[in-house]
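I opened the model today to look up a handful of features, and I am noting each one as I find it.

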Amino acid sequence: MKCLVTGAAGFIGSHLCRRLLEQDYDVLGVDMFTDFYPKWIKERNIEPLKKEKNFEFIQKDINELDLKDTLKNIDTVFHHAAQAGVRTSWGENFSVYSKNNIEATQHLLEASRNSDITKFIYASSSSVYGLCPELPMVETSPLLPFSPYGVTKLAAEQLCMLYHKNYGVPAVSLRFFTVYGPGQRPDMAFHKFFKSIAEDKEISIFGDGNQTRDFTYIDDIIDANFACIGKGKPGEIYNIGGGNRKNLNDIFPILEEICGKRTKVTKHAVQKGDVPHTFASIEKARKDLDYSPHAQLQDGLKDEWTWIQKLYYS
Ligand code: NAD
């Protein structure tokens, strides 16, 4: 079976490619190496994959690919390519978000209409809930995105559903909740915290630290993607959370224990677009996908700390 993974050089996409190759799938990876974070990190993600005989890689913008040709012989599409990041999605930058998140998704869906794919798995986000007043967030809860990034992820998710309803594209959306672990993007909180600790620098946080996030370990995210190949129901949306909901202030003692160092935290004003809480109900994913997150936060953070040390300091 052959899979297309867009965003293959990114954090989640590269983990997914590796697991697919381990399970003997043929994989076509696409990534344009956007400059959102250093290219060398993405190259480090993708280089070991390029050595695998079942892996092909195209370095190109999805918007510029001949997608009809790209989708030939593909069974499952994992659409992970996107411009991520809430705080950088304001102002002139928004055009990058609309191009890479909305337009690229529409092009891929349009090409999928006339293809033989059996599943189109879209990497959606908890950011579509935004200021949703219901906790935990259920797939049917109100969608009130609070950042331009969230708006683009929701638009792309809705395009997936439209192409499913109108043209039968077998699209399924997985709403990931704050993903962490080895490979985490440099703009994300744990990556920044660990780097600051390693370099004996202050940790900056935005807000009073009482915001909560449902942290999801990378391996659990990959398990959900796998389960979706066979069990994901076209036209459905699933929350993929980690069951590790924590207040940011409660994270620092854990980091101190892992790193064996004290942290110094400075609090700054809340950033535009940041939401107070995320908390996933994963009952639907449990039922349909047999999804059951295994990782404990402390263990997953230890893995990320080991990776950060190798990435920057060895
Ligand atoms: P990432 O930035 O590490 O990976 C995304 C990759 O997509 C990058 O390597 C980038 O170069 C590539 N890309 C972007 N636009 C492209 C285009 N037009 N053509 C080809 N390649 C393109 O991000 P990630 O954290 O791995 O996120 C993967 C997906 O999961 C994204 O869709 C993101 O919105 C979603 N998601 C991530 C999280 C998280 O916590 N990391 C949470 C919710 C949802």
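**Entry 1: R213**

In which strand does R213 lie? I am working from a predicted model, and in it I find R213 in strand 9, which covers residues 212–217. Apart from residues up to four places away in sequence, R213 touches T178, N244, R245, K246, V275, P276, H277 and T278.

I traced an open sheet of seven strands, whose order is 3-2-1-4-5-6-10 and whose pairing is parallel. Its edges are strand 3 (55–58) and strand 10 (237–240), each of which pairs on one side only. Ignoring direction, I find neighbouring strands of this sheet turned by 20° against each other on average.

**Entry 2: helix 4 against helix 5**

How are helix 4 and helix 5 oriented to each other? I noted that helix 4 and helix 5 (residues 148–167) pack at an angle of about 10°, with their axes 9 Å apart. Angles under 35 degrees count as roughly parallel, and the two helices are therefore roughly parallel to each other. The residues making the contact include F94, Y97, N101 and L109 of helix 4, and P148, Y149, L159 and Y167 of helix 5.

**Entry 3: backbone details**

I looked for backbone geometry worth a note, and found that the peptide bond from L135 to P136 is cis, with omega near -5°. P136 sits in the loop between strand 5 and helix 5.

I also noted F33, which is not a glycine but has a positive phi of about 55°. F33 belongs to the loop between strand 2 and helix 2 (39–50). I placed N73 in the loop between helix 3 (67–70) and strand 4.

**Entry 4: helix 6 and strand 8**

In helix 6 (residues 189–198) I listed F190, H191, F193, F194, S196 and I197 as buried. These buried residues pack against strand 7 (179–180), strand 8 (203–206), strand 9, helix 8 (251–259) and helix 10 (297–313). Helix 6 is followed by D200, whose phi is positive, near 55°.

I then turned to strand 8, in which I203 and I205 form a covered face, while S204 and F206 form an uncovered one. In a regular strand the side chains alternate between the two faces of the sheet. Strand 8 pairs in the parallel sense with strand 12 (residues 265–268) over four bridges, and S204 stands opposite T266 in strand 12.

I found I222 in helix 7 (residues 218–231), where I222 is buried, with a relative accessible area of 1%. Leaving aside neighbours within four places in sequence, I222 is in contact with I12, H15, L16 and R19.

How many salt bridges does a search of the whole structure find? The search finds 20. In one of these, R19 pairs with D223, with the closest N and O atoms 3.0 Å apart. This pair links distant parts of the chain, as R19 is in helix 1 (residues 11–22) and D223 is in helix 7, 204 residues apart. D223 is partly exposed, with a relative accessible area of 28%.

I noted a salt bridge between D187 and R185 as well, at 2.8 Å between the closest N and O atoms; D187 is partly exposed at 27%, while R185 is buried at 18%. E256 forms a salt bridge with R262, here with 3.5 Å between the closest N and O atoms, and R262 is exposed at 73% relative accessible area. Finally, I recorded that K195, E199 and K201 are linked in a network of salt bridges.

How values were computed
Residues are numbered from 1 along each chain as its sequence is written. This is a predicted model: local features need pLDDT of at least 70, side-chain atom pairs count only at pLDDT 80 or more; totals for chains, interfaces and linings use all residues. Side-chain values use heavy atoms; hydrogens and water are left out. Contact means heavy atoms within 4.5 Å. Two strands pair if DSSP finds at least two bridges between them. Axes are lines fitted to C-alpha atoms, for helices over the stretch in contact, and angles run from 0 to 180 degrees between N-to-C directions. Angles under 35 degrees count as roughly parallel, over 145 as roughly antiparallel, 65 to 115 as roughly perpendicular and the rest as oblique. Buried means under 20% relative accessible area, exposed over 50%, partly exposed in between (1.4 Å probe, protein chains only). A salt bridge is a side-chain nitrogen of Lys or Arg within 4 Å of a carboxyl oxygen of Asp or Glu.
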